[in-house]
Amino acid sequence: MIRELFLSASMLATSGAIAAPKVPEVLGTTVQWKMTLDAQGHVTALDLQSGTIDAVREKLEPVVRNWQFISGTVNGEPAATETMLSVQISLLPSGDGESYAIRFEDVRTGGYVGENTKQPRFTKSAAQAVLRNGGFARLVFEISFDKAGIPQAIALQPGSTSKKGRMIDYAEKA
């Protein structure tokens, strides 16, 4: 009797799992461009820096080109600016299951590591600390520069996954 009840319950659970409709998954990605602005803050060039689906890039770039930014200044005057634009999006499945809507999760501009920048080297213990933190570390700094572009002050900001340690020391030096 118990074996028959178990078999019936198992069959009901299995048939319920088969009948449940599959909910499309929300997909997330970050798209990065090297971006050039004119002195008025209009986008004059976008150079894709991260791999993404062409259909996503084709939808995003016209939107981004219409955004208004605040250019950097030289001696207090607006100037053409090169920066990195990082756009974090979620792709939300539509009701038909065939298309997606784009939701902007986070948009940031700022510096980037150029080709000629010396890459920092980390000790084994620093790398292991990153691995213990899920395989990544996010460090957010506010950096003040003088008019010549030389860093003058650096401060760790909220949103960083680490608050102290060698990883922060290495990042500040870099």
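Biologist: What should I know before I start?

Modeller: The model is predicted, so local features need pLDDT of at least 70 and side-chain atom pairs count only at pLDDT 80 or more, while totals for chains, interfaces and linings use all residues. Residues are numbered from 1 along each chain as its sequence is written, and side-chain values use heavy atoms, with hydrogens and water left out.

Biologist: Is Ser 71 buried or exposed?

Modeller: Buried means under 20% relative accessible area, exposed over 50%, and partly exposed in between (1.4 Å probe, protein chains only). Ser 71 has a relative accessible area of 9%, so Ser 71 is buried.

Biologist: Which backbone oxygen does the side chain of Ser 71 reach?

Modeller: A polar contact is a pair of N or O atoms within 3.5 Å; within protein, one must be able to donate a hydrogen and the other to accept it, and residues adjacent in sequence count only if both atoms are side-chain atoms. Here the Ser 71 side chain reaches the backbone oxygen of Asp 38 at 2.4 Å. A polar atom of that side chain also lies 3.2 Å from the backbone nitrogen of Gly 41.

Biologist: Where is Thr 83 found?

Modeller: Strands (E, at least two residues) and helices (H or I, at least four) are DSSP runs, numbered from the N terminus. Thr 83 belongs to strand 5, residues 81–93. Thr 83 is buried because its relative accessible area is 9%, and its side chain reaches the backbone oxygen of Gly 110 at 2.9 Å.

Biologist: Which residues make the nonpolar surface patch?

Modeller: Like charges are joined within 9 Å, and nonpolar side chains (Val, Leu, Ile, Met, Phe, Trp, Tyr) within 5 Å. Val 63, Ile 102, Phe 104 and Val 107 make this one, of about 270 Å². Strand 6 (residues 100–110) gives the most, with 3 residues.

Technical notes: Patches are made of residues with over 30% relative accessible area and no salt bridge: like charges are joined within 9 Å, nonpolar side chains (Val, Leu, Ile, Met, Phe, Trp, Tyr) within 5 Å. Accessible areas come from the Shrake-Rupley method with a 1.4 Å probe; for residues, only the protein chains shown count as cover. A salt bridge is a side-chain nitrogen of Lys or Arg within 4 Å of a carboxyl oxygen of Asp or Glu.
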